[in-house]
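Me: Hi! I've got this one open and would like a quick walk through it. Can we start with a strand pairing and go on from there?

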Amino acid sequence: MAEILGAEVDEEGYLLKVSDWTPEIAEVMSDEDSIELSPEHWEVINFLQEYYKEYEFAPAVRVLTKAIAKKLGNDKGNSRYLYSLFPYGPAKQGCRFAGLPKPTGCV
Amino acid sequence: MQNNQIKLPTYVETPSINKDSMAGEGPFKATVEIQNNLGFPGEKVENWHQVAIDKMSETKSKYRSVQVFLDSCMKCGACTDKCHYFLGTSDPKNMPVARQDLFRSVYRRHFTFAGKYFPKLVGAKDLDEDMLDDWYNYFHQCSQCRRCAVFCPSGIDTSEISMAAREVMNVIGVGQKYTNQILGKVKKIGNNLGMPEPALRDTLLDLEEEIKYDTGVDVKLPIDIKNSEVLMVSPSADFFAEPHIDGLIGYAKVFHESGVSWTLSSYASEAANFGMFIGNYDVMREGALRIRKSALDLNVKRVIVGECGHAWRVAYSFWNTLSGIGGGAEDDYALKLQNQLDSNYPQPQHMIEFTYDLIQNNKLSFDKSKNNHRVVTFHDSCNVARGSNMGDIKNGQFILPREVIRAACNNFIDMHKDSIKSSTFCCGGGGGLLTDDLIDLRIKGAKPRMHALKQSEQESGVNTLAAICAICKSQFSRVLANYDFDPYMVVSVHQLVSDAIILKEKLDQ
Amino acid sequence: MSPISIFFIIFFYIASLIFILGVSYKLVQYWNTPVPLKIPIAPSSLDKKGVFLRFFREIFLFSSLFKASKWTWLFGWTFHLALVLLFFRHLVYFWPGDVPLILYKIEPFKYAAYPLVFGLTGLLGRRIFVDRIRYISSPSDYLMLLALIFIALTGMFMTFGHNHPNLLMVKNFTEGLITFQWSELPGEIIFLAHIFPVFCLIAIFPISKLLHAPGIFFSPTLNQVDNARKRRHISDWASKKDNDLKIELENNKKDD
């Protein structure tokens with residue numbers, strides 16, 4: 001099993017245990033994807049984690065965009081903007097950086 | 001996302017074969033835990049060869065399709081240029097007949113006289129490690145879209161063979177991670193996402209707020225309301241993903257306008273049924289039984305299915321068999337439910353049928369100009385197109401969605417006739433292949449559909465691709481950019497409805 | 001009786017026996033294998049009449065093949081139609097006793113041999129020259145086509161080359177096979193070469209892809225009425241699961 005900074009990840013690079021997450025892990029993952037984490041990225045990552053703590057599940061993309069709109073302004077509350085932050089998808093790449101399990105299903 | 005773009009030719013070319021161009025290990029394999037959740041062995045069993053042969057024997061004795069299809073291929077080649085994965089990859093093992101032959105050659109070797117005594121003559125082969133690897137790799141390069149079956153003079157349906165092969169592999173402990181993990185989540189939580197009830201409720205409330213904000217009308221998305229007229233079963237992607245969620249909003253608005261009471265179910269929060277993809281009757285039945293239980297518990301009169309391709313095939317063609325959701329039963333088990341359901345309506349119904357009926361009866365009004373910025377084309381989802389019907393009229397599954405789109409949009413244009421209706425091309429992500437580890441295959445498999453779309457874009461200015469399948473929508477969102485399209489051009493049919501529908505409550509104000 | 005005649009008499013009975021027993025076995029097997037699910041394929045039919053019409057189009061016009069490939073359709077359909085015409089043409093040799101007038105009247109059917117060879121050559125050509133079809137072909141696929149071409153050419157050589165064997169002997173021989181009063185075969189090599197592969201094909205019918213002929217009628221994709229919502233379709237083994245569940249539920253109730 002592969003590891004990032006001592007935390008076990010699955011074959012697709014998602015943490016096996018959410019509790020293993022540290023901000024440094026997100027930095028390493030984003031480096032690997034050639035993304036530099038900006039404050040906007042962190043807003044998304046933090047919201048994903050908050051939501052997950054409450055619901056044990058990642059927020060729907062629509063819920064996420066609205067939350068981001070509230071925090072960063074209406075012009076940024078849309079999925080195009082989120083995709084510009086996370087080219088492989090806010091749900092998938094965002095969840096990975098935030099240490100959440102990968103969303104499955106027809107998504 | 002914009003890298004490795006594929007240049008499209010001006011016409012669909014049948015490629016020359018390029019052997020082993022898609023050879024490989026196939027998608028990620030399921031872990032021990034995932035396999036055990038479904039009652040399959042966690043790892044490849046020691047006597048796998050014997051177990052596999054026994055399972056083949058059992059499967060062909062329980063499914064006439066498998067037995068007949070294994071015998072009656074005359075190798076005419078009619079199907080060889082019909083599979084989108086062959087057209088996109090040029091690997092000859094992606095030709096439907098060659099894919100079947102991976103299974104058929106083993107059948108011949110073990111179950112037929114000619115194959116036992118003259119294997120070389122009739123192309124019979126042993127089930128060895130290499131063959132098993134080929135099974136795993138190439139039966140996960142089939143989306144079970146059944147396009148080949150439309151062209152087969154013997155009616156041979158590769159999806160039946162592909163399902164049988166996956167069933168055999170699961171039984172020996174070789175399962176696919178993506179599909180089997182999802183099936184485990186349905187079993188445990190009730191939907192493919194693994195979305196727990198509180199998150200679902202929260203999302204629905206959020207959507208109600210959004211609709212209120214956008215329209216000023218209190219459109220509800222009810223859940224677990226007993227004695228509702230309609231139980232709505234939609235793919236869980238409708239609760240989570242883009243652009244799916246706008247389709248869900250569309251259903252809600254249509255129900256609101258119809259005045260028919262409806263409810264979602266937290267127990268049966270999934271229309272999709274991946275049990276079909278792995279050819280396992282029991283797993284598929286378990287999924288259908290969740291809907292049955294919800295329909296009974298919530299005491300509904302009708303069951304309606306949202307925009308999900310294979311789910312509609314399972315619902316339309318299999319639910320009556322699997323769980324008695326349907327009509328015309330004579331046995332107590334099915335009648336218990338069927339006596340509760342309203343026999344004035346087909347059971348189950350597709351959301352498109354519900355909306356279409358309302359349009360026919362002038363119960364919905366539209367401001368079509370709201371969609372004037374769109375030139376819409378419609379992607380017939382493979383399972384709807386080739387494995388179901390709508391409206392109980394001949395070809396209704398092609399007519400009704402188009403009529404609903406036309407009611408909501410001024411500009412509708414079909415793609416090339418060889419790429420729509422019963423000849424429609426798969427999006428490239430169906431049948432349990434909508435997973436990142438198969439992205440190369442998915443991009444290549446989308447090529448024939450993308451070509452037809454490109455043609456429509458150039459000739460008619462098409463800028464919107466409407467679909468009625470969660471897999472199609474996700475797959476297109478992911479691969480459109482690789483073919484130089486805007487990934488946001490894909491929409492739910494009910495998003496088009498949602499954008500144009502006039503909510504009466506608002507008129508009154 | 002000559003050893004050659006004895007050989008062909010025995011071969012005929014063996015081939016026929018394999019054919020009859022083998023095909024019966026397959027038909028019974030197909031018939032007895034359950035069809036647990038409704039899997040009609042588009043363009044499916046909503047009623048029985050539609051299914052009947054669909055089979056008519058498939059059997060007589062090869063409509064799916066027509067949609068798939070015009071060339072394969074042209075060669076395949078021509079070959080099968082010619083084969084049927086030639087089968088009727090050959091009845092005159094088998095008919096026991098007085099031959100009905102109609103069998104003489106269809107004598108021009110013999111010209112179907114030309115389209116037969118045309119169709120078979122086309123099919124063989126596709127197998128050799130189209131890379132996709134070459135890939136899926138086994139030796140047996142070529143051998144069957146070659147055997148059929150060989151049968152056609154030897155037949156044409158006899159019919160159109162005025163190399164007829166003694167037709168009375170042929171008729172006596174075939175009548176003898178049916179009435180068990182065996183008589184001598186004509187000894188011409190060309191005639192023996194004509195009938196030998198025919199007997200071979202009859203013998204391998206139930207163990208080869210020739211099974212596509214009866215198989216098509218059992219294809220659930222083609223023969224099912226698309227009415228799953230209106231009638232509950234359930235196989236015996238699946239129905240048992242309903243009962244198991246019912247019993248389980250009742251037991252649960254008792255436990256409660």
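Me: Which residue in β3(B) is the bridge partner of B:Val230?
Reply: That's B:Arg302. Strands here are DSSP E runs of at least two residues, helices are H or I runs of at least four, and both are numbered from the N terminus.

Me: And how many bridges link β1 and β3 of chain B?
Reply: Four, in the parallel sense, between β1 (residues 230–233) and β3 (residues 302–305) of chain B. Strands count as paired if DSSP finds at least two bridges between them.

Me: What's the strand order in that sheet?
Reply: The open sheet of chain B runs β2-β1-β3-β4, four strands with parallel pairing. β2 (262–263) and β4 (349–350) of chain B are at the edges with a single partner strand each, so one side of each has no neighbour in the sheet.

Me: Before I go further, what kind of model is this, and how is it numbered?
Reply: It's a predicted model, where local features need pLDDT of at least 70, side-chain atom pairs count only at pLDDT 80 or more, and totals for chains, interfaces and linings use all residues. Residues are numbered from 1 along each chain as its sequence is written, while chains are lettered from A and ligands numbered from 1 in the order in which they are written.

Me: Switching to chain A, what's its pattern along the sequence?
Reply: Chain A reads β-β-α-α-α-α-α, that is, five helices and two strands. Its radius of gyration (over C-alpha atoms) is 13 Å, close to the 13 Å from the globule rule (2.2 Å times the number of residues to the power 0.38) for 107 residues, so chain A is as compact as a globular protein of that length.

Me: How much of chain A is buried?
Reply: Buried residues are 36% of its 107; buried means 20 or more other C-beta atoms, placed from the backbone, within 10 Å of the residue's own.

Me: How many residues of chain B touch chain A?
Reply: 29 residues of chain B are in contact with 17 of chain A, a contact being C-beta atoms, placed from the backbone, within 7 Å. α12(B) gives the most to that side of chain B, five residues.

Me: What classes are they?
Reply: On chain B's side there are 18 nonpolar, six polar and five charged residues. Nonpolar covers Ala, Val, Leu, Ile, Met, Phe, Trp, Tyr, Cys and Pro, charged covers Asp, Glu, Lys and Arg, and the others, Gly among them, are polar.

Me: And what about B with C?
Reply: That contact takes 65 residues from chain B and 59 from chain C. Chain B's side of it has 28 nonpolar, 22 polar and 15 charged residues.

Methods:
Contact = placed C-beta atoms within 7 Å. Buried ≥ 20, exposed ≤ 12 C-beta atoms within 10 Å, placed from the backbone.
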